[in-house]
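Please look over the structure below.

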Protein chains: 4
Amino acid sequence: MITNESQMPAGRPRSPLSGIIPPLVTPLKDNETLDVASLERLIEHLIAGGVHGLFILGTTGEEQSLSYGMRKQMIELSARINRGRLPLLVCISDTSIVESIRLAGVAADCGADAVVSAPPYYFATGQPELAQFYEELVPQLPLPVFLYNMPSHVKVSFAPDTVSRIAQSERVIGFKDSSANAVYFQSVMYRMQERPDFAMLVGPEEITGECVLLGAHGGINGGANMFPRLYVGMYDAATAGDLTRVRQLQQTIVQISTTIYTVGRHGSAYLKGLKCALSLLGIIDDDFVASPFYKFNAPEREKIRQALAALPTALCRP
Amino acid sequence: MITNESQMPAGRPRSPLSGIIPPLVTPLKDNETLDVASLERLIEHLIAGGVHGLFILGTTGEEQSLSYGMRKQMIELSARINRGRLPLLVCISDTSIVESIRLAGVAADCGADAVVSAPPYYFATGQPELAQFYEELVPQLPLPVFLYNMPSHVKVSFAPDTVSRIAQSERVIGFKDSSANAVYFQSVMYRMQERPDFAMLVGPEEITGECVLLGAHGGINGGANMFPRLYVGMYDAATAGDLTRVRQLQQTIVQISTTIYTVGRHGSAYLKGLKCALSLLGIIDDDFVASPFYKFNAPEREKIRQALAALPTALCRP
Amino acid sequence: MITNESQMPAGRPRSPLSGIIPPLVTPLKDNETLDVASLERLIEHLIAGGVHGLFILGTTGEEQSLSYGMRKQMIELSARINRGRLPLLVCISDTSIVESIRLAGVAADCGADAVVSAPPYYFATGQPELAQFYEELVPQLPLPVFLYNMPSHVKVSFAPDTVSRIAQSERVIGFKDSSANAVYFQSVMYRMQERPDFAMLVGPEEITGECVLLGAHGGINGGANMFPRLYVGMYDAATAGDLTRVRQLQQTIVQISTTIYTVGRHGSAYLKGLKCALSLLGIIDDDFVASPFYKFNAPEREKIRQALAALPTALCRP
Amino acid sequence: MITNESQMPAGRPRSPLSGIIPPLVTPLKDNETLDVASLERLIEHLIAGGVHGLFILGTTGEEQSLSYGMRKQMIELSARINRGRLPLLVCISDTSIVESIRLAGVAADCGADAVVSAPPYYFATGQPELAQFYEELVPQLPLPVFLYNMPSHVKVSFAPDTVSRIAQSERVIGFKDSSANAVYFQSVMYRMQERPDFAMLVGPEEITGECVLLGAHGGINGGANMFPRLYVGMYDAATAGDLTRVRQLQQTIVQISTTIYTVGRHGSAYLKGLKCALSLLGIIDDDFVASPFYKFNAPEREKIRQALAALPTALCRP
């Protein structure tokens, strides 16, 4: 599924995974109940929107806040709804290597295409420990792996040399960087030219345009949950080198970022704003956010409604 | 067990938990196998050493690196070996509230006396979110709770006002601070005078003496795994106001800290050094450290051996 | 000088300062002696290389390490050598507002075109204090002002709203961002569209290409001290929308960054590597670095020599 | 003046500087005008209060916010008012080694007893660079030196080994730690036992009691500007081992800290609160704070007034 020509687990892919792969929110009724109908609606919305893959249980998917039972359920349901239409990537980040491997097993059993792993995030590792950890983990995984750089939550960043060392294994097929540090991203991209099949994907949607213009393969952009066509449009414009269109779409992307993700004072504003907007757009029913976070109250919800109303009208008509 | 007079779950304890409560290392054979014989030896060693409680699955106990199955097993075995001789505290820190509650249930079923909880450690909360989280969590726990401040790993520190707000619930019976920030500890201790039954416990063994001299109730000190009498001696000297003895024992405690916990360049040096020393002392068999960390190789092990040999001889004769 | 049509101090410029404005190193013989001949050679090298302005006394220029007497001398000499050929920007960052104003006075007396100011960098301010500080500072300055964002050294970052608030004054004509956080840069650029005359300049040379492609006005790139044509070429390619050329030049720019700025283990590696390379290239005589830093010894110097030798040959032939 | 028996510059002192050495606020009329009458009143108040030394131009003295002219004036006036009654310590921290040396020269000319130096605080050094810097600086200083650890403002902390390496020079006679990290302080104190003449002084007043109980020599406590007898009382109680008195005084010290230093949201709350309280107590006339900070407005001032009124009455009657 990752490439058209070959099943990814069976052989080295000819070309890296490319395009917009939204990090799906996890629609919830409460801390213990997945909202299956909303998940179906969300996945159909994304596929109709032209995205190039599905990434579940990432930071946007609140993986760490979910019980293991629910993580398993989310993998099974997403795979079933997807029906192999798009590459399915499953985040298996955990502080316990045993639980990571177990989750990867579930993903493989459900027919997922790859797993995504951020470093253990409790007790921060040094770089040699980090490399050694992945040298231990990767061979035990039944699926190809994307590394996931997320220093604000994980406290450690993959040094470019560490990425290169871990990617000595051909099972490691790509890198998602959510650091927002564009100098760092350029350094890793430069380092990884040695692996032309290695996908360089960027987390923050505000910089997907510029990263793709410089050679990145795509974006894992939370906003694509709401407006998949917008982010796919940005990806297409950037790969086509259409700078006028890139700058035009960038206006809307940064408008979304600065109005929908900034209501509320804490780091969780992004997550609350995104889920709130998705419920206002009718894509998910409830904007329940798993503990330790809590969905917006009426005043914040009203601000999100206004922020949506201020967006270009074409966007909000599905 | 927390107080002599009453079962803690049944009523508000008359006096706070006091003394030295070692954060037990988790003896391992590999990532999936607990070393039961070593755990027995360790617990007997600690009880014989006069400690005042047992704290399992903390940072020193590598909770986050262990699978859920092993966490459960560690609770069951520790409770069985302890046979109610000492108060048993179980760390239930997790990023998922559901898993935290589940672990607390296991602890209660096994007869533990209290649980210990650090904030969710992936996506950092703001202070109001943190308070709200505990207001949701605490009533769902079957045991009294100690809050656990560990900002270096958790990225967020309980503001003194947040501790006070959470401790409006009488189910919250104490606080363990591992920040090493003594100004902060004094601020929380000052704030919590409103709750004379509230235990103020300090993590870093290097400052247990001074904190107890100023009114803290005790220490959750990793070094007590090796030398319980030393840390109990420090606690006794401090509660007796014997400054000469406090300063004398402090010499050895800082010697341990600066020689045994500082071999190796990364933050994990503490954990590796402690387990290595325990195996050299014959208290645990193997010094296996769970992924993403790895036990010392021969050169580092030799340094630990020398560091042990340089300690006052009385210490190392069990 | 900032625009072709008008003297900047006399009226609001029609268009923002654009292009490559190198942050000049300060050639030194020792902590108290400026190397005037090297400074002349450097400025002529830059002008011949086609740069669009000169920026002195920035982080690359070691402003903070220089005595006030030497800062004054550096301004006077640079202005005299420049002879008005290029816009001259002078960094006046200081922890004391009085000294900042004094330095700006020197800059104005010498005919500089603008000053550049990072926030006071000892005791970090909150955002309202930061805005209030600039509302106090800007009216006392005899020249237009660029704000300089440098959170790694300054500990505080201008919030986009703070930039906008400070830029209510038309005397504030641009922004240099050295955060490397491209999401942040996009947010500020989006916010400042309200001021079409406001220059958005980026510090790290590794991302000048992508930022200019997205609408930034130019780069204040340290590497331009060595190879002005390379960075001017990148600027030209990006403004022309020549993506093939952008990606090609990017290769060399990241090669420089990852080989010349990474010898040595500390943050100062950039500064030492840059000065060392400049002396090897014959642009400055000695690579003396002011205290608290120290120039490379022979082994590191040899690595820089090799890194230079590995660059495309066209680059190193002036 | 540092010891009774000998002039410090002339020979190695027999015993380390001990006791309470307040870091004086700098009374100001505006950014360019020292309030001489207030300074006289402050110094007389401190000497009458029994303090053991005077420390000027530290963080509390707003050194970095003052022009060089005013720093010079502050040294001259303080020395003249002091008339050799107490050891006078002058902070010379600067980002420029040349300016540090110049300031030390002024201090020596005015008869100060020692200088105090925090690391350069713009471009953070690595530990070897830090050691090398002091090996260059110390021999050029005409007075003995105290090292000043202030990582929150300086971004770098002296490693214990670095302190020891720098203190190979007998000109380095003590250490002031403002990190609030008590584990760190114990590590440095342990390391520096090799130098019995080396003064270990602690910045935060909330932990002076416990540090002195464990062997520290005294405190450089900002609150002593207001209530010198309180902090001298704490020092005396701790050196006498009077734990009852220590805990009693600690109540008031933490009350001051949590009510007077916490009005206002930013890091500057300490400075603003301290100066505001001093003006309310009549010790200084105006509570002007140098840019980039600004004194409290009426509502905050009222809170400080109430905080003072809530203190034990004996304190506020001089």
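Leaving aside neighbours within four places in sequence, Asp94(B) is in contact with Tyr68(B), Arg71(B), Glu99(B), Ser100(B), Pro120(B) and Tyr121(B), where contact means heavy atoms within 4.5 Å. This is a predicted model: local features need pLDDT of at least 70, side-chain atom pairs count only at pLDDT 80 or more, and totals for chains, interfaces and linings use all residues. Residues are numbered from 1 along each chain as its sequence is written, chains are lettered from A and ligands numbered from 1 in the order in which they are written, and side-chain values use heavy atoms, with hydrogens and water left out.

Asp94(B) is found in the loop between strand S5 (88–91) and helix H3 (97–109) of chain B. Helices (H or I, at least four residues) and strands (E, at least two) are DSSP runs, numbered from the N terminus. With a relative accessible area of 2%, Asp94(B) is buried; buried means under 20%, exposed over 50% and partly exposed in between (1.4 Å probe, protein chains only). The side chains of Asp94(B) and Arg71(B) make a polar contact at 3.2 Å. A polar contact is a pair of N or O atoms within 3.5 Å; within protein, one must be able to donate a hydrogen and the other to accept it, and residues adjacent in sequence count only if both atoms are side-chain atoms.

Over all chains, the structure holds 36 aromatic pairs. Rings of Phe, Tyr and Trp (its six-membered ring) pair if their centres lie within 6.5 Å; planes under 30 degrees apart count as stacked, over 60 as edge-to-face and the rest as tilted. Two edge-to-face pairs are listed here.

| Pair | Centre distance | Plane angle |
|---|---|---|
| Phe55(A) and Tyr148(A) | 6.1 Å | 80° |
| Phe123(C) and Phe293(D) | 5.1 Å | 70° |

Phe55(A) lies in strand S4 (residues 54–56) and Tyr148(A) in strand S7 (residues 145–149) of chain A, so their pair ties together parts that are 93 residues apart in sequence. Both Phe55(A) and Tyr148(A) are buried. The pair of Phe123(C) and Phe293(D) crosses between chains, and both of these residues are buried.

Chain A can be laid on chain B with an RMSD of 0.0 Å by a turn of 180° and a shift of 0.0 Å along the axis, the copies being superposed by least squares on the C-alpha atoms of residues with pLDDT of at least 70 in both. That is the relation of a two-fold axis.
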